[in-house]
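Good morning, and thank you for coming.

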Amino acid sequence: MVIFRNLVGMKKLGFLFLIVLQSVACTKKPDTIVDSNPAAKINIAIENYAGSQILKLNDIWYKNENGDSLQISVFNYFISNIKLTRDDGFVYTEPESYHLVRENNASTKSFTIVNVPPGNYKTISFMIGVDSAHNVSGAQTGDLDPNSGMFWDWNTGYIMAKLEGKSPSSSGGIVLYHLGGYSGTANAIRTVSLSKDITLPDKQSKTIHLKADALEWFKTPTTIKIKDIDVVSANSTKIIADNYADMFSIDHID
Amino acid sequence: MDVKAELPLAFNVPQGWPSPNYNYTNNQLSKAGFELGRKMFYDARLSKDNTISCGSCHQQFSGFAQIDHPVSHGINDLLGNRNSPPLFNLNWHTSFMWDGGINHIENQPIAPIQNPVEMDETMANVVTKLQGDATYRSMFKAAFGDETVNSQRIAKAFAQFMGMIVSSNAKYDKYKRGEAGSAFTQQEMNGYDVYKQNCATCHTEPLFTDFSFRNNGLPPTGVNDSGRAHITLASADLYKFKTPSLRNLKYTWPYMHDGRFNSIDQVLNHYTTGIMQSPTLDNKLSGGITLTDKQKEDLKAFLNTLNDEEFVKNTMFQEVK
C-alpha cells in the first residue's frame, strides 16, 4: 500500500513536471504526455468455455464430468487484484483492480490495464472474487456496485462467482451455484496464477487471451453430481470454489 | 475526488465515550450530505409502491423503533419476523441487524430497500427514481460535487444522517458529566448498583451494550429464529442475538428481537423467572437473576435515567416537510 501510494505520488509529480515542460516548450501534444509515462498496456480478453466449446448461454446441453446434462443461463464472476510479475522480480499491481465478468455482456469480457512498465513478464495472477477488505469496508462503486446482482445484502458480502442453469439431474430442475463468503470455511475467493512469457515493449500493448471453462466447476479435485449439489450452500462452497480455482488458462498472447 | 460544497458538520464523540467504529474517514460529513440522507430516510419513493419509508418503521418519537409493533410492518401490510430496532449511536455498532448479518453502516440501507416484506424495491430502481428528480439531483450535487446518483452515494448520505443520530443527553449522561441539577436520587443510585451487578456485563456502559451476540434465555417461538447462527451457521451461535442498548427504553417498546415483551416489568420477570436453559444460554444467566421487589423498583428508576427526551425531540432528525 505504502509503495503503491508513493508510485501514485511520483506519477503525479512527473505529470506536473511535464505540464511545466509543456507550458515552456509548447510543442508536445497532450496525448504525448500520457504516452511518455513510461508505460505500456496489457489487454485482457476472456472467452468463456464449456469444455472444448465456446460457452453459449441457454439453448445448448452440455455434459459435466459426471455425465449430467446441463444448460447454463448465467455465468458471472469477479476478477480482482491483477498482478503481473517480470523476470527481474518486479511486480506490477493494477490499481483499483476489480472486474465483473458477465457472459451475457461482451464488454465485460475484455478490459485494458494501462500504465504498465515494459519488460519481460512471466506470470499473471489474480483472484477469482473480491478480497475480504472490500467486503468489509462499506459501500463500493464501479464494478463493485451492489446493483450487479453479485451482492448479498442480508449477510454482507459479494457473490464471488455465479453459475445458474438447468439440469434434469436436479430435483427441482435448476442449478443455482452462488459462491460467496470471504473468510473462514465458506471462503469463495481463489487465487489464480498463470505462467507464460510476455514480452512487453515500451509504449506497446499486448493482449492476454484467457480461457475460463465453466465445466471445471464440476470437476477436479471433486467430481460434482448435480443430484447431490443443485444449489450451493455454505457447506458446499469450498468444494465448488476449489473446483473453479483452476478454470482459467492462457489461450494465447498477441 | 468529490468536491464538497457545504460546510462540514462535526461528528462529536460524547465526553467519556469510546471512539466510534465508524468515523467518516472515507465519507466526508457535510450539511448537504446529512440533509440528503434525511430526505431519503423519510421518502416513501424508496419503496416499490411508494408507500413505505425508512421512517415508517423507524419513528423518532419511539427512538427510531416502531412502537406498538412486535414485528415490523412493511409494504402491503406484510409483517417481518423481527422487531424494528431503535436507531441511535449507530456509529459505535460493530455490526447491524439482530443477527449482525450486515457488517458496515453503509451496507445497511440496501437490505430494507430490497427486502420483499419491507420496501420490496431494487437499489437500481431507487437510483433511477432519484436521478429522475431535479430536487435530488441538486442535493446530490451539493453533497458530492456533481449530480450523479449511484448506490454508493446513497449509502454514504444515509450513513451521514443515521450516524449523526446520537443519544447522549439522558439524565445519566448529565449526571456523569457532573451537570447541575442532575444528581441521582437515592433510589436511582441503588438501581445503578443493581444494574452494575446484574446487567452490565452485556449491557455495558456508556452505550449500554457491548454489541456481543448472546442467548439471554428467551424460549424460541414458532418462528424459531436461529439468530446469529443464521449468519454463521454455527450451532454454538443458535438463538444468540445482538445485545440491544438499555438507553431510551421508555420510547422503544415492545422489547426483544421479536417484540415479545411490552413492559420493563415483563423483561425483569423474564430475567428472574423465565430463563430457558439451553446449550447456548449465556453462562452469566444460567442461574437466572435474583431481584427483590425493591431491587426491581430501584432498577427501573435507574433505567429511567437513560431516557433521552432531547434526542427524541431533536428537530435536526425530523422530516422536513
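Across the interface of chain A and chain B, nine residue pairs are in polar contact, both residues being at pLDDT 80 or more. A polar contact here is a pair of N or O atoms within 3.5 Å; within protein, one must be able to donate a hydrogen and the other to accept it, and residues adjacent in sequence count only if both atoms are side-chain atoms. On the side of chain A that touches chain B, the residues divide into seven nonpolar, eight polar and two charged. In that division Ala, Val, Leu, Ile, Met, Phe, Trp, Tyr, Cys and Pro count as nonpolar, Asp, Glu, Lys and Arg as charged, and the others, Gly among them, as polar.

Please bear in mind that this is a predicted model, in which local features need pLDDT of at least 70 and side-chain atom pairs count only at pLDDT 80 or more, while totals for chains, interfaces and linings use all residues. Residues are numbered from 1 along each chain as its sequence is written, chains are lettered from A and ligands numbered from 1 in the order in which they are written, and side-chain values use heavy atoms, with hydrogens and water left out.

To return to the interface: chain A contributes 17 residues to the contact and chain B 20 residues, contact meaning heavy atoms within 4.5 Å. The size of an interface is often given as the accessible area lost when the parts come together. Between chain A and chain B the buried area is about 1,500 Å², and carbon and sulfur atoms give 48% of this; the area is taken with a 1.4 Å probe and summed over both parts. How many salt bridges are there between chain A and chain B? The count is zero, where a salt bridge is a side-chain nitrogen of Lys or Arg within 4 Å of a carboxyl oxygen of Asp or Glu.

Over all chains, however, the structure holds 31 salt bridges. One of them joins D225(B) to R82(B), with the closest N and O atoms 2.7 Å apart. This pair links distant parts of the chain, 143 residues apart: D225(B) lies in the loop between β1 (213-214) and α9 (229-232) of chain B, and R82(B) in the loop between α2 (54-57) and α3 (110-114). Helices (H or I, at least four residues) and strands (E, at least two) are DSSP runs, numbered from the N terminus. Both D225(B) and R82(B) are buried; buried means under 20% relative accessible area, exposed over 50%, and partly exposed in between, with a 1.4 Å probe and protein chains only.

Consider next E319(B) and K321(B), whose side chains meet in a salt bridge at 4.0 Å, N to O. K321(B) counts as exposed because its relative accessibility is 88%, whereas E319(B), at 38%, is partly exposed. In chain A, a network of salt bridges links R190(A), K238(A) and D242(A).

Finally, let us look at N27(B), in the segment before α1 (31-41) of chain B. Is N27(B) buried or exposed? With 2% relative accessibility, N27(B) counts as buried. The side chain of N27(B) makes a polar contact of 3.0 Å with that of Y22(B), and also reaches the backbone oxygen of K156(B) at 2.9 Å. Leaving aside neighbours within four places in sequence, the residues in contact with N27(B) include E106(B), A159(B) and Q160(B).

Technical notes
Buried area is the accessible area (1.4 Å probe) that two parts lose on being put together, summed over both.
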